[in-house]
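Q: Could you show me how to read the features of a structure, one at a time, with a case for each?

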Amino acid sequence: MAITQYTFGNPVTRYPDITPPEQHQDGPGVEHAQSSAPDVGEDSYVGSGRLTGRKALITGGDSGIGAAVAIAFAREGADVAISYLASEQEDADRTIRLIEAAGRKAVALPGDITDAARCRDLVAQAVEQLGGLDILVNNAGKQQFAEHLLDISDEQFAETYETNVFAMFWITKAALPHLAPGSTIINTSSIQGYTPSPLLVDYASTKAAINTFSKALAQQLAPEGIRVNVVAPGPIWTPLQTAGGQPPSALPTTGEETALGRWGQPAELAPAYVFLASPESSFVVGETLHVDGGMPNP
Ligand code: NAD
Ligand code: MG
């Protein structure tokens, strides 16, 4: 029988050991350039109608965690729009194909979200082409390691904040007038927001900002019937990690710091997003769901 997200087994050995060799690609990176393909749930995620009829926009939905979420949402019955950079068209095409294979509508929205006008436009296009919107997943992210503060250019600092924090603000603000009660917003934070690496001063601080932004907004919007929550992944095998997210020399041993002692795969994140998007989490508000293989944090 094929393995699914419901298959019982030891989480330590759920996946074959990938121990990636040192490698680098220029940002934002694509899956096929990784030494082994990330598992985005293509062959494993089974839906059961948990998001029937919903309409979702997922930023960074082409690859990695966003792709796994897009595939899961479609198999749970949602129509899905994904945003991504034009250079990632190959990953986007794969995800679009899988959304459509699930029998759902797919909307492809290439464009750079460090531009406020582009953020507003992509929300407008998603709403128009999906015929509404009731799930927003702010998942796109930029992560570039730097050994020292003096190595972080002003441009990198600005782009990291624009991609991770400003775009979340612009996109959420543009989406809000379209979100009816029952709608859900899920933002992607990180273990880095809790236990920051010295190599990720800019990135880690954006993830703390995402957490606090989400907890404040969750309280503001709950009375309107809109729930805001967060997923905080640990080390997950995605293009971002091999495109300057950390030094190539760190890749072979990444994941050993988790209690499970391994990399996580994007497919292991999808059920957390499905739970927070669905009405089954109706009393969960302003929560951060940690999916990190066991790295104790508050
Ligand atoms: P990924 O590279 O597959 O996804 C990141 C996506 O962000 C890209 O696919 C790209 O489409 C999008 N993006 C980046 N800059 C953009 C821009 N200027 N305009 C439009 N889109 C842009 O990697 P991932 O690891 O799946 O990342 C998804 C989220 O998960 C990110 O927010 C990341 O910070 C977070 N995260 C990842 C890890 C990990 O270990 N991989 C850990 C914690 C948090
Ligand atoms: Mg990508």
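Q: What should I know about the model and its numbering?

A: This is a predicted model, in which local features need pLDDT of at least 70 and side-chain atom pairs count only at pLDDT 80 or more, while totals for chains, interfaces and linings use all residues. Residues are numbered from 1 along each chain as its sequence is written, chains are lettered from A and ligands numbered from 1 in the order in which they are written, and side-chain values use heavy atoms, with hydrogens and water left out.

Q: Which residues come nearest to ligand 1?

A: A residue counts as near a molecule if one of its heavy atoms lies within 4 Å of it. Around ligand 1 there are 29 residues, of which S63, E88, Y203, T238 and Q241 come nearest. Helices here are DSSP runs of H or I with at least four residues, and strands are runs of E with at least two, numbered from the N terminus; α6 (239–245) is one of the helices that each supply at least two residues of this shell, and α6 gives the most, with 3 residues.

Q: Which polar contacts does ligand 1 make with I65 and Q241?

A: A polar contact is a pair of N or O atoms within 3.5 Å. A polar backbone atom of I65 is 2.8 Å from an oxygen atom of ligand 1, and an N or O atom in the side chain of Q241 is 2.5 Å from an oxygen atom of the ligand.

Q: Where in the backbone are the cis peptide bond and the positive phi?

A: The cis peptide bond joins G27 and P28, with omega about 0°, and P28 is placed in the segment before β1. T19 has a positive phi of about 20° although it is not a glycine, and T19 also lies in the segment before β1.

Conventions:
A polar contact is a pair of N or O atoms within 3.5 Å; within protein, one must be able to donate a hydrogen and the other to accept it, and residues adjacent in sequence count only if both atoms are side-chain atoms.
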